[in-house]
Amino acid sequence: MQDSFVHKGKRKILVEYLREKIGISDENVLKAINEVPRHLFLESVFEDFAYEDRAFPIAANQTISHPSTVAEQTELLEVQEKEKILEIGTGCGYQTAVLVTMNAFVYTIERQKDLHDFAQKKLREMHLRPKFQSFGDGFLGLPTFAPFDKILVTCGAEILPIELLKQLKIGGKMVIPMGKTDEQILYRFTKISEKEFEKEEFGAYKFVPMLQDRNK
């Protein structure tokens with residue numbers, strides 16, 4: 001698949017939808033979504049629908065999130081250039097691509113080997129380079145590279161992953177959906193001190209579950 005003028009036109013329409021209907025106001029987020037060709041992360045059968053606000057199945061019984069969900073989570077993260085961002089759940093690599101396009105230093109973990117390999121290959125083809133891409137257990141984070149300015153969790157956790165909070169720097173933010181499998185609440189935690197966090201709530205969403213260990 002190529003990135004044609006038709007695809008670029010559809011992205012502009014998507015960006016206007018995100019701005020006007022969803023209320024995304026961070027122009028850096030909108031600019032990144034306008035630049036990243038979402039259709040290249042999907043099977044060709046979904047190409048014509050890639051810029052609709054829909055989730056689609058990808059490998060390993062996972063999904064690529066709605067563009068509105070990607071935009072909302074990214075906006076809540078308040079991404080600044082050259083920040084160190086830990087992403088839990090690389091998936092097909094689309095969210096990773098958005099963060100890299102925003103000039104963040106992205107460290108990303110995926111527990112599904114097929115998805116890890118796909119995303120690694122796809123991002124390389126698109127000349128988008130995360131600082132570190134790992135096949136591993138997202139619950140453990142990447143302590144070797146900690147602390148992180150921001151942490152983004154792209155899957156729903158039933159319990160708060162304390163190990164991830166430990167890897168967040170003072171003043172840093174973690175955006176994470178939490179709750180049972182059928183529905184989660186999206187939260188943003190801001191680390192005030194080593195033992196103190198501010199918690200904000202941003203409504204109900206539906207994500208694939210956050211699971212432990214790696215799955216080959």
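Where is the place of Glu-78? Glu-78 is in the loop between α3 (67-77) and β3 (84-88); helices (H or I, at least four residues) and strands (E, at least two) are DSSP runs, numbered from the N terminus.

## Basis of the report

This is a predicted model, in which local features need pLDDT of at least 70 and side-chain atom pairs count only at pLDDT 80 or more, while totals for chains, interfaces and linings use all residues. Residues are numbered from 1 along each chain as its sequence is written, and side-chain values use heavy atoms, with hydrogens and water left out.

## Backbone features

Most residues other than glycine have a negative phi, and most peptide bonds are trans. Glu-78 has a positive phi, near 55 degrees. With 35% relative accessibility, Glu-78 counts as partly exposed; buried means under 20% relative accessible area, exposed means over 50%, and partly exposed lies in between (1.4 Å probe, protein chains only).

Lys-82 is also placed in the loop between α3 and β3. Its phi is positive as well, near 70 degrees, and Lys-82 counts as exposed at 60% relative accessibility.

A cis peptide bond leads from Ala-146 to Pro-147, with omega near 5 degrees. Pro-147 is found in the loop between β5 (132-135) and β6 (148-153).

## Salt bridges

Side chains of opposite charge can pair when their charged atoms come close. The structure holds 15 salt bridges, each defined by a side-chain nitrogen of Lys or Arg within 4 Å of a carboxyl oxygen of Asp or Glu. One of them joins Asp-3 to Arg-11, with 2.9 Å between the closest N and O atoms. Asp-3 is partly exposed, at a relative accessible area of 28%, whereas Arg-11 is buried, at 2%.

Glu-83 and Lys-150 form a salt bridge with an N to O distance of 2.9 Å. Glu-83 lies in the loop between α3 and β3 and Lys-150 in strand β6, so this pair ties together parts that are 67 residues apart in sequence. Glu-83 is buried, with a relative accessible area of 14%, and Lys-150 counts as buried at 5% relative accessibility.

In another salt bridge, Lys-180 meets Glu-158 at 3.6 Å, N to O. This pair links distant parts of the chain, 22 residues apart: Lys-180 is in the loop between β7 (168-178) and β8 (184-193), and Glu-158 in the loop between β6 and α6 (162-166). Both residues, Lys-180 and Glu-158, are exposed. Salt bridges also link Glu-16, Arg-19 and Glu-27 in a network.

## Aromatic rings

There are 7 aromatic pairs in the structure. Rings of Phe, Tyr and Trp (its six-membered ring) pair if their centres lie within 6.5 Å; planes under 30 degrees apart count as stacked, over 60 as edge-to-face and the rest as tilted. The ring centres of Phe-46 and Phe-56 are 5.0 Å apart and their planes stand at 35 degrees, so this pair is tilted. Phe-46 belongs to the loop between α2 (27-35) and β1 (56-57), and Phe-56 to strand β1, 10 residues apart. Both Phe-46 and Phe-56 are buried.

Tyr-187 and Phe-189 form a tilted pair, with 6.2 Å from centre to centre and 45 degrees between the planes. Tyr-187 counts as buried at 15% relative accessibility, and Phe-189 counts as buried at 6%. Tyr-107, Phe-132, Phe-145 and Phe-148 form one aromatic cluster.
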